[in-house]
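Subject: Structure handover

Dear colleague,

Please find below the sequence and the structure we discussed. My notes on what was found follow.

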Amino acid sequence: ERKAALAASSGPGRTSDGHLVPLLANVGGPADVPAALEAGAEGVGLFRTEFLFLDDSKRAPSEEAQFEAYRKVLEAFPEGRVVVRVLDAGADKPLEFLTPADEPNPALGVRGLRTLLEHPEVLQTQLRALAKAADGLPVHLEVMAPMVADRADAKAFAQACREAGLQAKFGAMVEIPSAALRARAILEEVEFLSLGTNDLAQYTFAADRQVGALARLQDPWQPALLDLIAAAAGAAKAAGKSCGVCGEAAADPLLACVLTGLGVTSLSMGSASIPYVRASLATFTLAQCQRAAEAARAADSAEEARIAAQQVLSGE
Ligand code: PEP
Ligand code: MG
C-alpha cells in the first residue's frame with residue numbers, strides 16, 4: 001500500500017483539498033541536483049554553500065569558482081525557486097580562516113551571519129557571484145542569511161544584498177528564538193522567512209545539537225518549538241510573506257502535515273524524503289492539518305504531541 005502511494009506520488013506538494021505546499025530540496029552543491037530532480041523537487045529550499053569553502057582552509061573560494069557552482073544549481077531549476085543560504089560558518093561548521101579558535105561556546109559565538117558581518121568582503125564576494133550566476137536565467141533566486149537574531153541583523157543583510165546589486169528576494173532564517181518572537185519586525189526588512197528547526201531546537205532548549213544524550217530536547221515535536229514555528233508563520237501570514245521550513249522537521253511525513261497546519265508555506269528536506277512527505281500531505285485536508293497542529297500544541301511533550309497529531313489524522 002505504501003509502495004502504491006509512493007508510486008502515485010508525483011506533481012506539486014498539496015493537501016487532499018488542493019492547498020499547495022511546495023516541496024523543495026536541501027542541497028549542498030551541484031552533486032545533489034540529480035537526486036532532487038528525480039524526487040520531483042519543485043526547487044531548492046536550502047542550498048548550503050559551506051561545501052564550497054571546505055576545500056581550502058586558508059581562504060574563501062574565488063568569485064569565479066563560486067559562480068560556477070551556483071550557476072550549475074540555478075540552471076537545473078529553470079522555472080523553480082532556488083533559495084541559497086550565504087555561508088554559515090562556525091559552531092558545528094568551523095572554518096579555520098574565519099572562525100575564532102578561542103571561543104568558550106562556539107554555538108553561542110561568532111557564527112553564521114555574525115561571521116559575515118565581521119568579514120564583509122567574504123559576503124560581498126559571495127553575493128556578487130550569486131548575482132552573476134542568476135543573470136539571464138528565469139530562475140527565482142532567493143538569498144537568505146543564517147542565524148539572524150533581530151531586526152538589525154536582517155537590516156544589515158538586506159543592505160549588503162542591495163550593495164551587491166542582487167536581483168533576488170532577501171530572507172532571514174529563523175533559528176534563534178528571538179527571531180521567531182520578533183518575526184514581525186524582521187519582516188519589515190526582508191521578504192521571506194525560513195525556519196531552521198535544527199538550530200531553533202538547539203537554542204530553544206539550550207541543548208547542543210551535537211550531543212546525542214540530549215536527543216529528547218532536540219525532538220522537533222517539542223510543543224515549545226511548535227509554538228515558535230506558529231509565531232513566525234503567523235507573522236509571515238499577516239505580512240503577506242512566505243515562511244518555509246528547511247530543518248530536519250520538514251522530512252517527517254506526519255510533522256510535515258502539522259507544520260502545514262501551523263501555517264508554514266513550503267517544506268524543504270533531503271531529496272530522499274520528498275516522495276514520503278508528498279504522499280502524506282496528499283492524504284489530509286488543510287483543516288485536518290490545522291486540527292492536528294492544534295492538538296500537537298496542546299500537548300506537554302514531544303511524544304504526546306506526536307500521538308495527538310496521529311490520533312487527529314487517523315480520525316480516532
Ligand atoms: C537548521 O539549523 O535547521 C538548518 C536548516 O541549518 P543547518 O542544519 O545547516 O544548521
Ligand atoms: Mg542552522
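Strand S1 (residues 23–27) is mostly covered, with five of its five residues buried. Buried here stands for 20 or more other C-beta atoms within 10 Å of a residue's own, exposed for 12 or fewer, and partly exposed for anything in between, with C-beta atoms placed from the backbone. This is a predicted model, in which local features need pLDDT of at least 70 and side-chain atom pairs count only at pLDDT 80 or more, while totals for chains, interfaces and linings use all residues. Residues are numbered from 1 along each chain as its sequence is written, and chains are lettered from A and ligands numbered from 1 in the order in which they are written. Helices (H or I, at least four residues) and strands (E, at least two) are DSSP runs numbered from the N terminus.

Barrel

S1 pairs with strand S8 (residues 266–269) in the parallel sense over three bridges; strands count as paired if DSSP finds at least two bridges between them. Leu24 has Ser268 in S8 as its bridge partner. S1 also pairs with strand S2 (residues 43–48), again parallel and over three bridges, and there Asn26 stands opposite Leu46. Together with helix H2 (residues 33–38), S1 and S2 form a right-handed β-α-β unit: with the strands pointing away from the viewer, the path from the first strand over the helix to the second runs clockwise.

The eight strands close into a barrel in the order S1-S2-S3-S4-S5-S6-S7-S8, with parallel pairing. On average, neighbouring strands of this sheet are turned by 25 degrees against each other, direction ignored. Strand S3 (residues 81–85) and strand S4 (residues 140–145) are joined in parallel by five bridges, and Arg85 has Met144 in S4 as its bridge partner.

Core

The largest nonpolar core has 107 residues, of which Val44, Ala172, Ala183, Ala232, Leu259 and Leu267 touch the most other members. Helix H11 (residues 223–239) supplies the largest share of this core, nine residues. Such a core is a set of buried Ala, Val, Leu, Ile, Met, Phe, Trp, Tyr and Cys residues joined through C-beta atoms within 7 Å. Leaving aside neighbours within four places in sequence, the contacts of Ala172 include Met144, Phe157, Ile186 and Leu193; a contact requires C-beta atoms, placed from the backbone, within 7 Å.

Helix H12

Helix H12 (residues 253–262) packs on helix H15 (residues 302–313) at an angle of about 80 degrees, with the axes 10 Å apart. H12 is therefore roughly perpendicular to H15, a label for angles of 65 to 115 degrees. Axes are lines fitted to C-alpha atoms, for helices over the stretch in contact, and angles run from 0 to 180 degrees between N-to-C directions. Leu254, Cys257 and Val258 in H12 meet Arg306, Ala309, Gln310 and Leu313 in H15.

Leu255 lies in H12 and is buried, with 28 other C-beta atoms within 10 Å. Its C-alpha atom is 9.8 Å from that of Ala305, 50 residues apart along the chain.

Positive phi

Most residues other than glycine have a negative phi. Ala91, in the loop between S3 and helix H4 (113–118), has a positive phi of about 55 degrees. Ala206, in the loop between helix H9 (197–204) and helix H10 (215–218), has a positive phi near 50 degrees. Ala91 is buried, with 23 other C-beta atoms within 10 Å, whereas Ala206 is exposed, with 10.

Regards

Terms used
Two residues are in contact if their C-beta atoms, placed from the backbone, lie within 7 Å. Angles under 35 degrees count as roughly parallel, over 145 as roughly antiparallel, 65 to 115 as roughly perpendicular and the rest as oblique.
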